[in-house]
Amino acid sequence: MNIKAFWRDLRFLQILAQAIFAIIFALFALYLYSNVVANLAKQGLTVGYGFMDNPASFDIGESYIPFEASDTYQRALLVGLVNTLVISVVGIFLTTVVGVVAGVARLSSNWLVNKLAAAYVGVIRNTPLIIQLMFWYFGVILQLPSVKKAIALPGPAYLTNRGIYMPWGEATSTFAAWRIYVIIALFSIVLIAFLFRALERRSSLPTPLWWNLAYLLVPALMIWLGAALQPESPLKQTIPTLTGLNFKGGLRLTPEFAALLFGLVLYTGAFIAEIVRAGIQSVSKGQTEAARSLGLTTGQTLRLIILPQALRVIIPPLTSQYLNLAKNSSLAIAIGYPDLFSIAGTVFNQTGAAIEIIMVMMLSYLSMSLITSILMNIYNNRVKLVER
Amino acid sequence: MNRKLFALFSLLVIVSVALAACGAPPPSGGGAPVTVKETVIVTVEVPGEAPTAAPPPAAGGERLKTVLDRGKVICGVHGSFQGFGFVDSAGAWSGFDVEFCRAWAAALFNDANAVEFRGLSAQARFTAVQTGEVDVLSRNSTWTWTRDAELGLTFGPVTFYDGQAIMAKKEIVTDAAGGLKALEGAQVCVQSGTTTELNLADQFRAAGVSYEPVVFEDQTAAFQAYDEGRCDAITSDRSQLATQGQAVLKNFADHVILDVVMSKEPLGPAVAQGDDKWADAVHWVVYGMIQAEELGITSANVDSFLTSEDPVVRRLLGVEGELGAKLGLSNDFIYRVIKLVGNYGEVYERNLGPFNLARGQNDLWTNGGLMYAPPFR
């Protein structure tokens with residue numbers, strides 16, 4: 001075997017270059033770290049996470065997990081993370097709806113619908129998000145009437161400058177039992193769907209429509225079982241009623257949450273609208289015409305021909321919009337929503353542990369983003385063109 | 001990526017890293033001017049912070065020299081707090097805290113305008129001092145144990161004795177002396193990153209009154225939200241409630257400041273720990289202004305005091321003695337401060353007089369207040 005001089009071996013050189021690059025990068029990181037530590041030591045400060053177990057001694061206005069001022073900084077940061085996750089998940093769900101509707105509207109042949117969607121996209125995409133958030137918060141939500149003069153909507157829901165109140169379900173003692181029934185019912189639906197698909201594949205014919213009734217079988221059984229065995233319904237409706245200074249009962253969206261949600265959903269929705277429009281337009285018109293000439297209905301054309309191809313174009317940029325929404329939620333601090341960034345800011349101001357807290361924040365946002373993109377990539381792999 | 005591009009890219013990175021390494025000294029020892037690089041927060045150049053021979057901790061003197069060489073003081077202040085630190089639409093800075101920055105500039109350079117102001121948020125202010133981005137912080141910052149011990153700061157003489165208070169709408173609180181009980185279940189606007197936020201939690205917990213905080217990063221945003229009716233009450237230092245209340249709120253008369261004193265808030269300048277010489281310079285300028293008021297020396301009559309026979313006055317104004325030089329300043333530094341900026345009382349009247357903020361604890365000790373300068377001798 002002919003051994004080449006190693007410095008002419010392209011593969012070796014490539015590995016060498018990468019190794020050198022990695023070493024330099026590591027040295028640079030080490031330098032930055034020691035520089036920080038040395039400069040802090042000069043002022044008698046150290047880097048470490050010991051402070052995390054100290055009591056936070058500040059309160060947080062809005063929290064989905066129990067929190068008191070006597071809890072630790074760690075707990076406070078967790079509250080912030082949960083708040084960020086809640087706004088991100090709700091926001092991503094709603095913005096998808098808004099974006100798809102606006103994107104389809106952009107393609108509508110109805111002049112008014114089309115122009116309205118175009119105006120929405122044009123205005124929202126071309127103004128900074130922070131200004132929109134300020135607008136929603138100071139310009140819209142805080143301008144709503146006070147609690148005593150609340151705008152009442154059917155439901156009853158109330159719009160006030162203290163928040164938006166709406167009826168909500170409250171868990172009763174039988175909630176836990178009912179939860180099991182629901183899980184069993186959902187599981188049966190998934191199972192039947194798999195079964196049908198296997199049957200369809202074998203017979204290469206669509207299953208008769210009335211077979212779909214099988215889906216209802218187990219849920220019906222579970223409802224009967226629940227009604228027979230459980231004394232009361234799992235959820236009790238609570239209706240917001242005015243008591244004292246504020247409304248009690250029902251679901252309350254704080255002004256901060258509502259403004260942030262509106263702002264993020266509408267802003268990201270405008271971008272998603274354009275992505276959806278691009279995706280649909282990327283499928284050539286000839287395919288629609290071909291599908292129609294084969295006798296497929298409009299719905300079938302959309303479902304079987306256009307969407308599968310459009311999704312390939314839509315999913316990757318959609319992922320980055322989802323990530324944007326989650327990251328943009330850190331602007332919440334401007335309007336007082338206690339998200340991760342806001343609480344972390346308070347913590348580092350109280351403890352002086354700027355570097356440690358920034359690391360925590362970066363890691364949190366990074367893992368959030370990575371998890372989102374992993375999920376979206378899994379979905380993308382399912383819809384993308386299968387190459388043979 | 002195409003191979004050539006990659007090679008080019010790696011070369012670029014290597015060169016830039018090498019350059020960065022050349023420009024920076026070894027982490028612990030002395031060396032050329034230090035470039036403090038922090039990956040995330042700020043990239044700040046601290047020109048010549050650590051000259052060669054000086055051992056890093058408690059060295060002293062470098063900052064004073066740096067400032068003198070630079071020819072101006074970099075002063076961290078509030079940017080949107082009328083009465084204390086405010087920059088107007090023409091870019092002119094004004095306010096009580098701002099005037100102290102001018103005083104240090106006057107002491108060092110005989111020019112009250114040799115200041116570079118940095119408007120800092122409540123959250124960024126201490127990091128700015130730690131990293132040396134500002135020479136001195138004069139931004140209504142409360143002197144606390146934690147900040148002194150954990151944040152690596154040295155606080156100066158208290159320039160303003162403040163206390164936290166809470167303001168509510170008159171329709172909710174009818175009796176200012178009634179205490180916090182009237183605020184049961186209230187929503188309270190507060191600024192993040194302040195001692196106020198902590199005291200709020202402590203005081204309501206101690207009084208057993210439930211509340212819900214709404215936390216803003218910006219004080220003005222908190223006041224606006226309160227004005228729009230988002231909160232039932234707003235809490236801050238008494239001075240802030242009075243000044244901001246008059247400056248921001250639509251109708252200040254509709255609001256009442258409760259008679260509850262929720263905390264002690266001694267406000268004063270802060271410098272980075274470990275440079276006593278610079279800290280001394282900062283401190284004695286403030287003391288000089290207090291002493292001058294006690295002696296009745298004002299910017300208008302200071303020249304006539306130069307011929308005074310009183311040894312205290314003569315020492316203070318640098319007519320005799322070498323006390324200024326011992327601090328590394330000129331002997332007449334107090335004279336410059338009084339001439340160009342004024343004494344403590346003048347600064348107070350000029351900035352806080354328009355807000356009808358009574359001197360109270362901030363009066364001279366001779367008038368029953370807490371303002372007291374150590375002897376100039």
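Strand 4 of chain B and strand 5 (residues 85-87) of chain B run antiparallel and are joined by two bridges; strands (E, at least two residues) and helices (H or I, at least four residues) are DSSP runs, numbered from the N terminus. This is a predicted model, in which local features need pLDDT of at least 70, side-chain atom pairs count only at pLDDT 80 or more, and totals for chains, interfaces and linings use all residues. Residues are numbered from 1 along each chain as its sequence is written, while chains are lettered from A and ligands numbered from 1 in the order in which they are written. The model scores ipTM 0.71 and pTM 0.75.

- Strand order 4-5-6 describes an open sheet of three strands in chain B, with antiparallel pairing; two strands pair if DSSP finds at least two bridges between them.
- Strand 4 and strand 6 (93-94) of chain B each have a single partner strand and stand at the edges, so one side of each is left without a neighbour in the sheet.
- Opposite B:Phe81 stands B:Gly85, in strand 5 of chain B.

**Domains of chain B**

- Chain B is divided into domain 1 (61-163 + 264-377) and domain 2 (165-262), with bounds that come from an automatic or database domain assignment.
- The C-alpha centres of domain 1 and domain 2 of chain B are 30 Å apart.
- Contact between these domains involves 16 residues of domain 1 of chain B and 19 residues of domain 2 of chain B; two residues are in contact if their C-beta atoms, placed from the backbone, lie within 7 Å.
- On the side of domain 1 of chain B that touches domain 2 of chain B, strand 4 (80-81) and strand 10 (160-162) of chain B each supply at least two residues.
- The residues of that side of domain 1 of chain B comprise five nonpolar, nine polar and two charged. Here Ala, Val, Leu, Ile, Met, Phe, Trp, Tyr, Cys and Pro count as nonpolar, Asp, Glu, Lys and Arg as charged, and the others, Gly among them, as polar.

**Overall make-up and confidence of chain B**

- Chain B contains 14 helices and 17 strands.
- Of the 377 residues in chain B, 47% are buried, a residue being buried if 20 or more other C-beta atoms lie within 10 Å of its own, exposed if 12 or fewer, and partly exposed in between, with C-beta atoms placed from the backbone.
- Among contacts in chain B between residues at least 6 apart in sequence, 70% link residues at least 24 apart.
- The average pLDDT of chain B is 83, and 84% of the residues score at least 70; pLDDT is the predictor's confidence in each residue, from 0 to 100.
- Within chain B, confidence is highest in helix 3 (residues 96-109), at a mean of 96, and lowest in strand 2 (residues 43-46), at 42.
- The pLDDT is below 50 over residues 17-59 of chain B, a stretch that has 62 contacts in the model beyond near neighbours in sequence.

**Domains and sheet of chain A**

- The domain assignment of chain A gives domain 1 (6-46), domain 2 (53-167 + 239-383) and domain 3 (175-229).
- The centres of domain 1 and domain 2 of chain A, taken over C-alpha atoms, are separated by 39 Å.
- Four strands of chain A form an open sheet in the order 1-2-3-8, with antiparallel pairing.
- Strand 1 (151-153) and strand 8 (251-253) of chain A are the edge strands, each pairing on one side only.
- Strand 2 (residues 157-160) and strand 3 (residues 163-166) of chain A run antiparallel and are joined by three bridges; the two strands form a hairpin with two residues between them.
- Three bridges also connect strand 3 of chain A to the antiparallel strand 8 of chain A.
- A:Ile164 in strand 3 of chain A stands opposite A:Leu159, and the bridge partner of A:Ile164 in strand 8 of chain A is A:Leu253.

**Contact between the chains**

- The contact takes 43 residues from chain A and 46 residues from chain B.
- Helix 1 (10-42), helix 10 (340-351) and helix 11 (354-383) of chain A each supply at least two residues of the side of chain A that touches chain B.
- Helix 1 of chain A provides the largest share of that side, twelve residues.
- The residues of the side of chain A that touches chain B divide into 22 nonpolar, 19 polar and two charged.
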